[in-house]
Amino acid sequence: MLHCQHAGRRIKAGIRMGLKVCLVIAFVHILRMDQKTKNSFLQNIQWSTYKVASTTIKVATTGTDYTDNNDTTFINNSAASLYHKKITPGNHVNIPSPKERIGPNGEEGYVQDPQWLQKRPYRFQIPIEESTELCSALGNGTEGKEGIVDALKIRKYIETSKKTRNVKLFCAVYTYGGGAAWTNVISETWGRKCDGLLFASDQNNNETGHMYLPSNSRRGFSYKGMYQRVRAILAYLYDNFLDDYDFFHIAGDDVYLIVENLKEYLASEEVRKWDEVPGQYLFAGFWVHWGGMKPGEFYLGGGSGYSISRKALKAFVEGPLQTCNTHFEGSSEDLKISECMRNLTSNKFIYTADSSGAHRYHQGPIWNHFWLKFVKLSLTHMRSPPLSIPQHYSKHEYTSNSSVAFHKHYRPLEMKRLELLLYKNMSIECTPFVKGEDEMINVGNSSDKICPDYDKSVVD
């Protein structure tokens, strides 16, 4: 034991000596720099604390090491951005310092591994107490007779589309500890398809994947604090992941994303050409016109969430995030964020309907998103001058085969049912819960046994 203690001391001493030598060499290099290079280097330098052999060491670095929920090192070189970031962490207006992000082990400046779910995947499950609803015949579940028509045409599109989906997507979800039932379903369903995933929460929880991400809202993590929470999320994404992802989608925990379709849309030629135009930025979502807005004015509905390109995130954080509505308090984050987006876009937003005019981003669930009053008013507004965009007024024509998001799922079970309808072979998934041949549900194989009054021609 004594020999081990002596060996440990020698190792610590060697580490300290090696670090001292490195610091001396670095100092000599700094002295040799010209003044301009030296100033640039010193402005971008960050001090990071490391634990080495139980000894705390402070090191100057242009990146930061963090520990994720699995106690493995996640390295994020945020300061050494390829995109010449103008705002350094801790210098955003009315957004907490990174030191206030306390990790699950008490570490300051915590940054969660965005691929935590891929490393610890959740298994899709049908709890026995939910099996009756989840395994009901097509059209008899939460989707209803209206929703099943859209669900199956979307499923067919997912399975048959050959368009590229080759983009890296980060999905950022605002939630809280009480939303774990919803985020657990996201982890079981669409969350793992995102290349990066964040559950921005009021607590750290290794089991649910929630990460404590505070804002400066006086309302804390309540519904009324949502706007400031989204500002903090945008700053966090900019500081830590701007280099690593092509697009970012921001939404709440009651949204169901169809990630394949979202990636396909974001990888499209239409989006690429839009984002390539100098001074033009991709902020994509449904155009909501509501509450006494002037003709031609709208905001991106937060229900479905909105998608932002890397170029747009950089420009937004370096511009409007620091100057626009910086101290506003309230739940209307979609309205206020859109107001700030206009500082960049001059009210020029990409129109996200497909080539037939059917919409992709939905503000309600698959069974009644079309019937929401503000959706109908928004369609009338889009059809009217000065926009004058033709619209569909039939639910099934309005709903795109390549839809990307549905919202307002008051029960997590509703998102699980949609997962079954869009992706699963229900004959297999529901076998433990059916009583006989007549009750077997067949989706995802060659059988024609579906609910008798469903007209298959809508997806043929």
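Student: How many aromatic pairs does the structure hold?

Tutor: The structure holds 17 aromatic pairs, where rings of Phe, Tyr and Trp (its six-membered ring) pair if their centres lie within 6.5 Å, and planes under 30 degrees apart count as stacked, over 60 as edge-to-face and the rest as tilted. One of them is the tilted pair of Phe170 and Phe241, at 5.2 Å centre to centre with 35 degrees between the planes. Because Phe170 lies in strand 5 (residues 169–174) and Phe241 in helix 7 (residues 226–241), this pair ties together parts that are 71 residues apart in sequence. Helices (H or I, at least four residues) and strands (E, at least two) are DSSP runs, numbered from the N terminus. Keep in mind that this is a predicted model, in which local features need pLDDT of at least 70 and side-chain atom pairs count only at pLDDT 80 or more, while totals for chains, interfaces and linings use all residues. Residues are numbered from 1 along each chain as its sequence is written, and side-chain values use heavy atoms, with hydrogens and water left out.

Student: Okay, and are Phe170 and Phe241 buried or exposed?

Tutor: Both Phe170 and Phe241 are buried, and buried means under 20% relative accessible area, with exposed over 50% and partly exposed in between (1.4 Å probe, protein chains only). Phe283 and Phe316 form another pair, which is edge-to-face at 6.1 Å centre to centre, with 70 degrees between the planes. Since Phe283 is in strand 10 (residues 283–284) and Phe316 in helix 10 (residues 310–318), that pair ties together parts that are 33 residues apart in sequence. Phe283 and Phe316 are both buried as well.

Student: Which residues form one aromatic cluster with Phe170?

Tutor: That cluster is made up of Phe170, Tyr236, Phe241, Tyr245 and Phe248.

Student: Switching topic: where is His381, and what does its side chain reach?

Tutor: His381 sits in helix 13 (residues 373–383), and it counts as buried because its relative accessible area is 7%. Its side chain reaches the backbone nitrogen of Gly296 at 2.8 Å; a polar contact is a pair of N or O atoms within 3.5 Å, and within protein one must be able to donate a hydrogen and the other to accept it, while residues adjacent in sequence count only if both atoms are side-chain atoms.

Student: And Lys416, is that one buried or exposed?

Tutor: Lys416, which is found in helix 15 (residues 412–423), is buried, with a relative accessible area of 4%. Not counting residues up to four places away in sequence, Lys416 touches Phe124, Gln125, Pro127, Glu130, Leu134, Val185 and Glu188, where contact means heavy atoms within 4.5 Å.

Student: How many cavities of 30 Å³ or more are there?

Tutor: There are 2 cavities of that kind. On a 1 Å grid over the protein atoms alone, a cavity is a set of points where a 1.4 Å probe fits but cannot get out, and lining residues have an atom within 4 Å of a point. The largest cavity holds about 80 Å³ of space, and among its 13 lining residues, Ile95, Pro96, Arg101, Leu213 and Ala232 lie nearest its centre.

Student: What lines the second largest cavity?

Tutor: The lining of the second largest cavity is formed by Thr142, Glu143, Ile366, Trp367, Glu414, Arg417, Leu418 and Leu421, around about 30 Å³ of space. Grid points are joined across faces, edges and corners, and a volume is the space filled by probe spheres set on the points.

Notes. On a 1 Å grid over the protein atoms alone, a cavity is a set of points where a 1.4 Å probe fits but cannot get out, and a pocket is an open set with protein on both sides within 12 Å along at least five of seven lines; lining residues have an atom within 4 Å of a point.
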